[in-house]
Amino acid sequence: MPPSFRYRLERQPPRKGAGGVTRGASVREFPASRGLAGVSMRLAPGSMRELHWHANAAEWAYVVSGFCRTTILHPEGGAATDTFGPGDVWYFPRGWGHSIQGIGPGECHFILIFDNGDFSEDHTFSVTDWLSRTPPEAVAQNLGLGPAEVALLPKGEAYFVRGPAPDDRSSDATARARPELVTTHRYPLGAQQPRRVPGGGTQRTVTVAEFPISTTMSGSLLEIEPGAMRELHWHPDADEWQYYLEGEAEMIVFLAQGQAVREEFEAGDVGYAPMGAGHYIRNAGSGLLRVLIGFNSGRYLANDLSAWMASNPPDVLAANLGLPPAVVEKLPKRESFMTPARSGGPG
């Protein structure tokens with residue numbers, strides 16, 4: 001029996017603490033998702049995902065709503081502090097220490113995507129957990145503290161911590177006097193001019209070409225009009241992890257040997273298409289469909305059915321598809337990428 005390619009992420013019971021809420025989906029919870037994993041996280045103003053690092057995956061993120069601040073340690077020397085808002089993307093290489101803090105006003109919601117389906121908390125290392133498992137005399141020597149001060153440290157992993165929300169008096173705020181649109185770890189995907197198909201929708205894509213540090217991952221934001229569809233296609237070098245931001249959708253994943261799996265999605269669901277598997281995404285609702293997509297490759301490569309049809313001589317298509325020449329003439333003559341709704345409405 002083929003696996004399901006849908007996971008109801010936002011319906012899962014969350015992990016909560018100190019103003020933070022998180023829900024995750026690795027291959028353990030979502031068996032089809034072998035190459036990528038994901039997390040939906042929310043932080044209240046001042047709440048922080050504590051200092052930590054991931055030993056087996058890089059982290060790619062998209063801010064859905066609200067604002068947050070990240071700090072990251074560069075192993076070759078130096079560090080970076082950046083602020084993010086809706087539509088912004090960050091990327092932290094595997095093993096780089098970092099933190100994430102909500103800065104307000106209101107809650108910050110972001111989606112984290114990892115380039116390893118086996119990502120889990122077993123491979124995430126938190127500073128409070130580390131220090132609480134280290135002999136106090138070693139911590140005191142390392143941090144220059146006395147025994148009484150070491151005793152104030154947490155006695156186990158905090159995971160979420162809460163402090164004051166950063167403001168213009170924060171030590172990092174001076175660097176934002178002349179904010180850069182793109183930094184080492186920040187890319188404003190939402191501000192990008194989209195690829196547009198009249199009646200079909202739009203696509204914004206960020207790869208290693210636009211965001212050089214993101215060597216192992218790329219991402220895309222699709223907006224699809226009612227009844228329209230991201231056409232039949234496959235990715236030759238990457239798995240596809242989807243988070244449905246808005247709307248209703250249908251996807252069929254073709255697995256070869258007569259196998260095809262149909263799934264239906266709503267906002268808060270996660271979808272998955274394995275590397276090389278044919279699939280499409282159709283807007284099955286009456287409003288706009290918005291889908292965030294992550295790939296476990298720094299490049300974005302796709303083979304679209306319309307481009308394949310357009311690239312072949314008519315006699316090849318006629319023989320392959322068993323169609324008369326007059327019908328072959330109706331097939332696409334160029335790549336369409338997205339196709340508008342057929343006459344008669346979304347159905």
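Strand S24 (residues 289–295) is mostly covered, since seven of its seven residues are buried, where buried means under 20% relative accessible area, exposed over 50% and partly exposed in between (1.4 Å probe, protein chains only). Strands (E, at least two residues) and helices (H or I, at least four) are DSSP runs numbered from the N terminus. The model is predicted: local features need pLDDT of at least 70, side-chain atom pairs count only at pLDDT 80 or more, and totals for chains, interfaces and linings use all residues. Residues are numbered from 1 along each chain as its sequence is written, and side-chain values use heavy atoms, with hydrogens and water left out.

**Exercise 1.** Determine which residues of S24 are buried on each side, and which strands it is joined to.

*Solution.* Step 1: In a regular strand the side chains alternate between the two faces of the sheet. Step 2: On one side of S24, Leu289, Val291, Ile293 and Phe295 are buried; on the other, Arg290, Leu292 and Gly294 are buried. Step 3: Strand S17 (residues 218–224) runs antiparallel to S24 and is joined to it by seven bridges, with Ile224 opposite Leu289. Two strands pair if DSSP finds at least two bridges between them. Step 4: Strand S19 (residues 240–246) is also antiparallel to S24, through six bridges, and Glu240 has Phe295 as its bridge partner.

**Exercise 2.** Characterise the nonpolar cores.

*Solution.* Step 1: A nonpolar core is a set of buried Ala, Val, Leu, Ile, Met, Phe, Trp, Tyr and Cys residues joined through side-chain atoms within 4.5 Å. Step 2: The largest has 68 residues, and Trp60, Trp90, Phe110 and Ile281 have the most contacts inside it. Step 3: Strand S11 (residues 108–114) supplies the largest share of this core, six residues. Step 4: A second, separate core has five residues, among them Met309, Leu317, Val328 and Leu331.

**Exercise 3.** Locate Val127 and state its surroundings.

*Solution.* Step 1: Val127 lies in helix H1 (residues 127–132). Step 2: Val127 is partly exposed, at a relative accessible area of 25%. Step 3: Leaving aside residues up to four places away in sequence, Val127 touches Glu50 and Leu51, contact meaning heavy atoms within 4.5 Å.
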